[in-house]
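Student: I would like to work through this protein model by question and answer. Could we begin once the structure is displayed?

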Amino acid sequence: MPFEENEISKNSQGGTESVKRGLAERLPPGLADDFQIICSRVRDIDEEKIRIYWLHDLPDDPETNHLKEESSRNRFHKLVFCGNWQYSRFQLLTGVPYDDKSIVIDTPIDPFPTVKKEFDDKIRLIYTSTPQRGLNILVAVFEKLAERYPNIHLDVFSSFKIYGWEDADKQFEPLYEKIRNHPQMTYHGFAPNEVVREHLL
């Protein structure tokens, strides 16, 4: 695969890793032979290749601190960011300049098919991220909404298992249990992308 894997990414099924692998499958054979495409964590630099650093992490991650140094940024021919917010955070926190060496390529998704559905009065909400990204706030708000609206339901697909970090879920177990015990919420934990997509249709 033209995109490098590291000890963290090799077990991950997160969004950016899925995009990376999907793009690698679609590239014509040999197209990336002259490139070294590093995603997130820099391990080795191949001076013989065109080096692209595709940042999947945030600027406060210790793995990206090296970008504060111009000499480190100069090791790469291009810096690729997953979104404008991420790029602006790197500018603010690491001093990555606004120049033609940096580019934003928004993280894409595979399109959903058009499906005709029979609608009823049930309103279904879905949460599909890791728990530290506001799940506790959503659950607290949803509990209040559920007191007033018996026709709403929340499906929660959330677990650090998506990255292969099962132990990281332990601190969120009380929150997961609260979801499991609520009649209008369902905790699914980690599920493959195709299963999550089925719930989104």
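Tutor: A residue counts as buried when its relative accessible area is under 20%, and as exposed when that area is over 50%. The model is a predicted one.

Student: What percentage of the 201 residues of the protein count as buried?

Tutor: The cut-off for buried is under 20% relative accessible area. Applied to the 201 residues of the protein, this gives a buried share of 38%.

Student: In what order do the elements run from the N terminus on?

Tutor: The protein has six helices and seven strands. The C-alpha trace spans about 60 × 35 × 30 Å along its principal axes. From the N terminus on, the order of the elements is α-β-β-α-β-α-β-β-α-β-α-β-α.

Student: Among contacts with a separation of 6 or more, what percentage comes from residues 24 or more positions apart?

Tutor: A contact requires heavy atoms within 4.5 Å. Among the contacts in the protein with a separation of 6 or more, residues 24 or more positions apart account for 60%.

Student: Which elements are included in what covers the buried residues of helix 3?

Tutor: Helix 3, residues 84-94, has Gln 86, Tyr 87, Phe 90 and Thr 94 as buried residues. Their arc around the axis is only 100°, so they lie on the same side of helix 3. On the other side of helix 3, Asn 84, Trp 85 and Leu 92 are exposed. The cover over the buried residues includes strand 2 (50-55), helix 2 (70-73), strand 3 (78-81) and strand 4 (102-104).

Student: Which residue just after helix 3 takes a positive phi?

Tutor: The phi angle in question is about 80°, and the residue that takes it just after helix 3 is Gly 95.

Student: Is Phe 90 buried or exposed?

Tutor: With Thr 64, which is 26 residues away along the chain, the C-alpha separation is 9.2 Å. The relative accessibility of Phe 90 is 0%, so Phe 90 counts as buried.

Student: Which residues are linked by ring pairs into a cluster?

Tutor: Rings pair if their centres lie within 6.5 Å. By this rule there are eight aromatic pairs. The cluster linked by ring pairs consists of Phe 81, Tyr 87, Phe 90 and Tyr 98.

Student: How many residues apart in sequence are the parts that the pair of Phe 160 and Phe 172 ties together?

Tutor: Phe 160 and Phe 172 form a tilted aromatic pair, at 6.0 Å centre to centre and with 40° between the planes. Phe 160 and Phe 172 both lie in the loop between strand 6 (152-156) and helix 5 (173-180), so the parts that the pair ties together are 12 residues apart in sequence.

Student: Which elements are included in what covers the buried residues of helix 5?

Tutor: The buried residues of helix 5 are Leu 175, Tyr 176 and Ile 179. They cover an arc of only 100° around the axis and are therefore on the same side of helix 5. Their cover includes helix 4 (135-148), strand 6 and strand 7 (185-187).

Student: Which element supplies the largest share of the lining of the second largest pocket?

Tutor: The second largest pocket has a volume of about 320 Å³. Its lining has five nonpolar, one polar and six charged residues. Strand 5 (123-127) and helix 6 (193-200) each supply at least two residues of this lining. The largest share, three residues, comes from strand 5.

Student: With which residues is Ser 129 in contact, leaving aside its neighbours within four places in sequence?

Tutor: Ser 129 has its place in the loop between strand 5 and helix 4. Its relative accessibility is 22%, so Ser 129 counts as partly exposed. Phe 190 is 61 residues from Ser 129 in sequence and 9.6 Å away in space, C-alpha to C-alpha. Leaving aside neighbours within four places in sequence, the contacts of Ser 129 are Phe 157 and Ser 158.

Methods:
Residues are numbered from 1 along each chain as its sequence is written. This is a predicted model: local features need pLDDT of at least 70, side-chain atom pairs count only at pLDDT 80 or more; totals for chains, interfaces and linings use all residues. Side-chain values use heavy atoms; hydrogens and water are left out. Rings of Phe, Tyr and Trp (its six-membered ring) pair if their centres lie within 6.5 Å; planes under 30 degrees apart count as stacked, over 60 as edge-to-face and the rest as tilted. Helices (H or I, at least four residues) and strands (E, at least two) are DSSP runs, numbered from the N terminus. Buried means under 20% relative accessible area, exposed over 50%, partly exposed in between (1.4 Å probe, protein chains only). The arc is that of the directions from the helix axis to the C-beta atoms. On a 1 Å grid over the protein atoms alone, a cavity is a set of points where a 1.4 Å probe fits but cannot get out, and a pocket is an open set with protein on both sides within 12 Å along at least five of seven lines; lining residues have an atom within 4 Å of a point. Grid points are joined across faces, edges and corners, and a volume is the space filled by probe spheres set on the points. Ala, Val, Leu, Ile, Met, Phe, Trp, Tyr, Cys and Pro count as nonpolar, Asp, Glu, Lys and Arg as charged, and the others, Gly among them, as polar.
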